[in-house]
Amino acid sequence: MSVESQVSDVMTSAQFSQESISILVKGVEAQASGSIPYNFTANKALLKLYSSVLYKPSFLPSLKSLLLLSLPSSTEFDSLKHILPADALEPCKDVLECGRLLEDCAFEEFWKQAKVADVMEVKGLEDSIRTRILTDVSLGYSTLPSSTLLTYLSLSPNSPLTFDCIECVEGSSVVFKKTDYNGVKKGTKETGIELNRIVAMMN
């Protein structure tokens, strides 16, 4: 039986056991490797079961992975963060800092912290986080210098800007598709609408 099927069976069972925990841990590992789809519900269940885990130190890598997997969604990350046990806060501090920086729209600082938190080791996570950043930025700005956007996305200067939220590239700036939030504001690296306030309005 595949790991994905095993996780599904555990989530539909009447009660959890130590074996259930082992299966959910394997599920997190499989999600991090990209071999099965992301499963927030199963990961949240695993986090809630942390108190019943017999060998907690060996369980901590899975805790860090499930937090990393939730970074593209501020709502899901916050949900997991708020049920993280106190004794797991220190081991997971690098990932928690990543979440804070994303929430504050401190994108350049986020990518520096991402290296510390091993974000790049989770398959496909970089692209998912870039999608979140693009969504946040396009809510706050109608236009933005291309160089600034590339920096926010941690992409090389010559990377193509062919994302769905971009209407077009005009000279050295990108023009985002109009939304109810970005219709009147133009941004530079230093000025513009406060992104964290816009994102908070959307959550």
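1. Glu97 and Arg100 form a salt bridge through their side chains, at 2.7 Å from N to O. A salt bridge here is a side-chain nitrogen of Lys or Arg within 4 Å of a carboxyl oxygen of Asp or Glu. The two residues sit in helix H6 (residues 93-103), three residues apart, or about one turn of the helix. Helices are DSSP runs of H or I with at least four residues, strands are runs of E with at least two, and both are numbered from the N terminus.

2. The model is predicted: local features need pLDDT of at least 70, side-chain atom pairs count only at pLDDT 80 or more, and totals for chains, interfaces and linings use all residues. Residues are numbered from 1 along each chain as its sequence is written, and side-chain values use heavy atoms, with hydrogens and water left out.

3. The classes are buried for under 20% relative accessible area, exposed for over 50%, and partly exposed in between (1.4 Å probe, protein chains only).

4. The structure holds eight salt bridges. In helix H8 (residues 125-140), Arg130 and Glu126 lie four residues apart, about one turn of the helix. Their side chains meet in a salt bridge with an N to O distance of 3.7 Å. Arg130 is buried at 12% relative accessibility, whereas Glu126 is partly exposed at 25%.

5. Helix H8 also holds Asp136 and Arg132, four residues apart and so separated by about one helical turn. They form a salt bridge whose closest N and O atoms are 3.7 Å apart. Asp136 is buried at 6% relative accessibility, and Arg132 is buried at 7%. Elsewhere, salt bridges that share partners join Glu97, Arg100 and Asp104 into one network.

6. The count of aromatic pairs is two. Rings of Phe, Tyr and Trp (its six-membered ring) pair if their centres lie within 6.5 Å; planes under 30 degrees apart count as stacked, over 60 as edge-to-face and the rest as tilted. Phe107 and Tyr152 are edge-to-face, with 5.3 Å from centre to centre and 65° between the planes. This pair links distant parts of the chain, 45 residues apart: Phe107 is in helix H7 (residues 107-116) and Tyr152 in helix H9 (residues 146-152). Phe107 is buried at 1% relative accessibility, and Tyr152 is buried at 8%.

7. Phe110 and Trp111 have ring centres 5.0 Å apart and planes at 70°, so this pair is edge-to-face. Both Phe110 and Trp111 are buried.
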